[in-house]
Amino acid sequence: MDLPRAPRINPSILAADFVNMQAELARIATADFAHVDVMDNHFVPNLTFGPQMVQRIQETSPVPLDVHLMITDPDRWAPGYAELGAASVTFHLEAAGEPVALARRLRDIGARAGVAVKPATPVEGLFELLDEFDQILVMTVEPGFGGQGFMPETMPKLQALSAETRRRGSSVWLQVDGGISDATIAQAAEAGADTFVAGSAVYGADDVEAAVTRLRDLARAGSLEG
């Protein structure tokens with residue numbers, strides 16, 4: 001039996017206090033990445049950060065940035081976020097014109113290349129392309145808003161991806177984003193996720209560091225069940 005991968009906890013700064021961002025980033029120094037949701041009010045009905053803000057976050061954050069682009073035309077815009085120094089840049093499969101070419105461009109710049117899928121998007125088309133990506137993000141809510149409820153009906157897609165990565169010996173990370181909390185993270189880990197975006201479950205806690213540790217422990221326990 002393969003040993004489970006060590007889980008990664010990526011707090012979403014969408015749940016942080018934007019006015020005190022430097023202090024909010026400092027609070028997640030024990031996390032693995034800071035998850036930065038870039039929304040354009042077009043691909044999704046919300047507007048968040050742009051390149052200038054992401055650059056300042058990059059300069060300030062004690063942990064690497066995991067940038068999630070919920071934007072149209074990522075073929076044009078995604079490389080710029082890699083050039084800012086983001087460790088990982090994820091774009092949506094539904095929005096990209098040439099996802100493989102874009103992933104290769106991101107890697108050439110020096111970022112990990114990620115691809116995200118909405119809850120209704122099938123994942124089977126990614127099976128032959130696993131080696132082109134460093135991370136696949138299975139959205140466990142509809143993208144565009146924080147604080148939504150976890151969608152357990154997305155777990156079969158995650159299970160299918162996990163089985164295929166094992167079959168192919170792929171090292172691609174499987175990330176989940178949306179409604180991840182103490183109550184849901186073990187279920188996602190059991191289904192095969194190893195990288196977890198958590199917003200209010202981290203920033204809504206009295207002790208952020210303890211929340212990160214607890215989520216990591218729960219994910220590890222869930223992965224042992226998978």
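Residues are numbered from 1 along each chain as its sequence is written, and side-chain values use heavy atoms, with hydrogens and water left out. Since the model is predicted, local features need pLDDT of at least 70 and side-chain atom pairs count only at pLDDT 80 or more, while totals for chains, interfaces and linings use all residues.

Let's start with helix α3, residues 74–83. Helices (H or I, at least four residues) and strands (E, at least two) are DSSP runs, numbered from the N terminus. In α3, the residues P74, A78, P79, Y81 and A82 are buried, where buried means under 20% relative accessible area, exposed over 50%, and partly exposed in between (1.4 Å probe, protein chains only). Look down the axis of α3 and these buried residues fall within an arc of 155°, so they line one face of the helix; the arc is that of the directions from the helix axis to the C-beta atoms. What do they pack against? The buried residues of α3 pack against β2 (34–39), α2 (51–60), β3 (65–70), β4 (88–92) and α4 (99–109), with contact meaning heavy atoms within 4.5 Å. On the face turned away from the buried side you'll find the exposed residues R76 and E83. Just after α3, G85 takes a positive phi of about 110°.

Now for the rings. The structure holds three aromatic pairs. Rings of Phe, Tyr and Trp (its six-membered ring) pair if their centres lie within 6.5 Å; planes under 30 degrees apart count as stacked, over 60 as edge-to-face and the rest as tilted. One of the pairs is F18 with F49: the centres are 5.3 Å apart and the planes at 55°, so the pair is tilted. F18 belongs to the loop between β1 (8–11) and α1 (21–26), and F49 to the loop between β2 and α2, 31 residues apart. F18 counts as partly exposed at 38% relative accessibility, whereas F49 counts as buried at 7%.

Another pair is F33 with W173, whose ring centres are 5.9 Å apart with planes at 70°, so this one is edge-to-face. F33 lies in the loop between α1 and β2, and W173 in strand β7 (residues 173–177), 140 residues apart. F33 is buried at 10% relative accessible area, and W173 counts as buried at 17%.
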